[in-house]
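The model is a predicted one.

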Amino acid sequence: MSNMGFSFSDLIAGYVINFDSSKDNLGTFSLKTSDERQFEVALTSMTYAELVRNLDEPYFDCTSQMTSMLVPNRYLFVYGNFYSEGNKYKFEAKHIVFLGRTENEFLFERPDWWVKQIQSLANFYLKAQFEDGEIDYRKYRTGIGLVGSKENSNRQETDTISRLVYGFATAYMMTGDDRYLEAAEKGTEYLRQHMRFLDEGEGICYWYHAVDVKPDGSEHKIFSSEFGDDYDAIPAYEQIYALAGPTQTYRVTGDPRIINDIELTINLFNNYFKDNTELGGFFSHIDPITLSPHAETLGHNRARKNWNSVGDHAPAYLLNLWLATDEEKYANFLEYTFDTIEKRFPDYDRSPFVQERFYEDWSHDTTWGWQQNRAVVGHNLKIAWNLMRFNHLKPKEKYVALAEKIADIMPAVGSDQQRGGWYDVVERIKKPGQEVHRFVWHDRKAWWQQEQAILAYLILTGSLDKPEYKRQAREAAAFYNAWFLDYASGGVYFNVLANGLPYLLGTERGKGSHSMSGYHSFELAYLACVYTNLLITKQSMDLYFKPTPGGFKDNILRVAPDILPPGSVRIGEVWINGQKYSDFDAEKLTVKLPLTQDELKVRVRLLPTQLSFDATLLEVTDGTAKISLTGLLDAAAVERFQEVLAKATQQPVKRLVFLLENLQCITTAGLRVLIYTKQKLGANVDIYIVGAPENVKHFLSTSAFHHGVTILEQYDGLEVARV
């Protein structure tokens, strides 16, 4: 340390201990990092502060309020300069990022944060791939630059199309925007027509690595992989991710052609990748000619098993396939996968990280390619996340034990406890004299590894309700939302430096590549919304579906958002083509679809079983805003209620319609908001109370508020027009 007498800039993430306005120029504050180290931070005349913001949101300056916001226990980021003075360093702040307006607010926990983010991501990729024109996948290219421009290549990789299709299908589920479903369905059909290899004699389906589109529009098929690690082989993970997009599209539409492709690809896994001996598991590669995992031509990939070939089935397609079908055979496949992971991957006698690469007999392969005896931080977190998901379906103590062991170990060895965020690849074992696990290449942080941390700790929080897991989830989500969102060009960065600044060199500069497409960032937005709203903050969430007539078995639409703790979520309301629909099983999370050949658009409101209050803006059409209220409208619900009212009245309205069928009770605090709102809207705005329970109507009557509104049992636009 005696040789480090130079200045440098860096980031600190931590919790404010106190603020002292009497020190230095503008004052100083003490900051405690996640691992309990303390820093003294000096403010200067050039220190500025902002509020964390979502994609497509404007910069929100907090500089003038900065000192009043530096209150104890507030988590924040501060970027600044370290100066060596005497025997210690002095840190001066240049840039502060607050995560909310108060010390207890985290803006990314708002009910619509992740919905808005996925909408922005979907719009970015629509524009990048299709130039805001017709959705035609002949235009698609794997390589996308920083600002969304296509790179100079004619390659279309199957996996990257499928991952983008996953993103579009998921964005539709969260928003109901038909453009996204069009992109998902057209992408799925393009994969089927151009990338699919049907072997009807063997009863299997497999997928080309890529297609090169020639200038004249003709195609050159690329059968075996041309990615360096997998060259001249068929890797399991490419076949797995070829199903990601079609499976998510199937969840929305139930298209029977898609399920047929999935079944035939699973036949490929079971017949050629699976080790059907007593050893079990799945091989990582097969030969493109013989389809054998033992072919000498596979070289360093011969008779190998790895994390991707065993574990990636679950998140990429298999969990979503079970959610769409409730088929026991898929649950059994998942159980086989997780039992294999729990049995084979832990290696805690030698390392705090799981083992990821194996020979055929499950002995450890510590010499393969770039990985050697190294750990991918995100794979450990991915195991914890997915074990907890499946444990909700088939509970086993060993699943929870391993998930918690990973969750408890990983922060100290895989996270950056000074700056926030999670690292990439580290050496699994420390050499003598080393106190920390060495970085393999760098200390940068990849977007997808942040996803694994956020989702792992969110689902652990929602399942086990431990404060430490909630803290880890918040810190991980804070780093991602503060530093990975590209406000200038859209999308998210592939990598940021340890200090949060974007890393923009080589293949990590772009928004589309062999490694990056519309999967991890979309999956994060979807499941972070599911876990936060439905398990943690207890808010409602709407999902959208557009079933193919007769597509789903027995005409049953399954709308479970993920495999959540049993009994934690129920259906609150269902609309089909904009009309309320009552044929659903609230506890089983199923909707019995009407027998019709007409197009159906299904909107489902999911509610936590312990929901206290929720307000949802359903639509604003022709000057009429409709708001649905659920639960208890009391003092604690006022802020949420006001947010939705403000959104509903951003533009002038003539009518405000409150749908109260599911409102259990209203207190004087809630009623005061209604009265004040009517006053501010003026006499020319009509207010309608629809479907209110008797206790709510009685309360409106005793307050005399009923004289200023129209109370109806059902709302009908034509009926209202006659009032």
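## Helix pair

Helix 3 and helix 4 cross in a left-handed sense. Helix 3 spans residues 158-175 and helix 4 spans residues 178-194; their axes come within 8 Å and cross at roughly 150 degrees. Angles over 145 degrees count as roughly antiparallel, so helix 3 and helix 4 are roughly antiparallel to each other.

On the helix 3 side, the contact is made by T158, I161, S162, V165, F168, A169, A171, Y172 and T175. Helix 4 contributes D178, Y180, L181, A183, A184, G187, T188, Y190 and L191. By class, the residues of this contact comprise 12 nonpolar, five polar and one charged.

An open sheet is formed by three strands in the order 18-19-20, with antiparallel pairing. Strand 18 (445-446) and strand 20 (502-503) are at the edges and have a single partner strand each, so one side of each lacks a neighbour in the sheet.

Strand 18 and strand 19 (residues 495-496) run antiparallel and are joined by two bridges. K445 has V496 of strand 19 as its bridge partner.

## Positive phi angles

Most residues other than glycine have a negative phi. N555, which is not a glycine, has a positive phi of about 60 degrees. N555 lies in the loop between strand 21 (541-545) and strand 22 (556-558). Its relative accessibility is 10%, so N555 counts as buried.

L589 is not a glycine either, and has a positive phi of about 60 degrees. The loop between strand 25 (584-585) and strand 26 (590-592) holds L589. With 12% relative accessibility, L589 counts as buried.

Definitions and conventions:
Residues are numbered from 1 along each chain as its sequence is written. This is a predicted model: local features need pLDDT of at least 70, side-chain atom pairs count only at pLDDT 80 or more; totals for chains, interfaces and linings use all residues. Side-chain values use heavy atoms; hydrogens and water are left out. Axes are lines fitted to C-alpha atoms, for helices over the stretch in contact, and angles run from 0 to 180 degrees between N-to-C directions. Helices (H or I, at least four residues) and strands (E, at least two) are DSSP runs, numbered from the N terminus. Angles under 35 degrees count as roughly parallel, over 145 as roughly antiparallel, 65 to 115 as roughly perpendicular and the rest as oblique. A crossing is left-handed if the near helix is turned anticlockwise from the far one by less than a right angle, and right-handed if clockwise. Contact means heavy atoms within 4.5 Å. Ala, Val, Leu, Ile, Met, Phe, Trp, Tyr, Cys and Pro count as nonpolar, Asp, Glu, Lys and Arg as charged, and the others, Gly among them, as polar. Two strands pair if DSSP finds at least two bridges between them. Buried means under 20% relative accessible area, exposed over 50%, partly exposed in between (1.4 Å probe, protein chains only).
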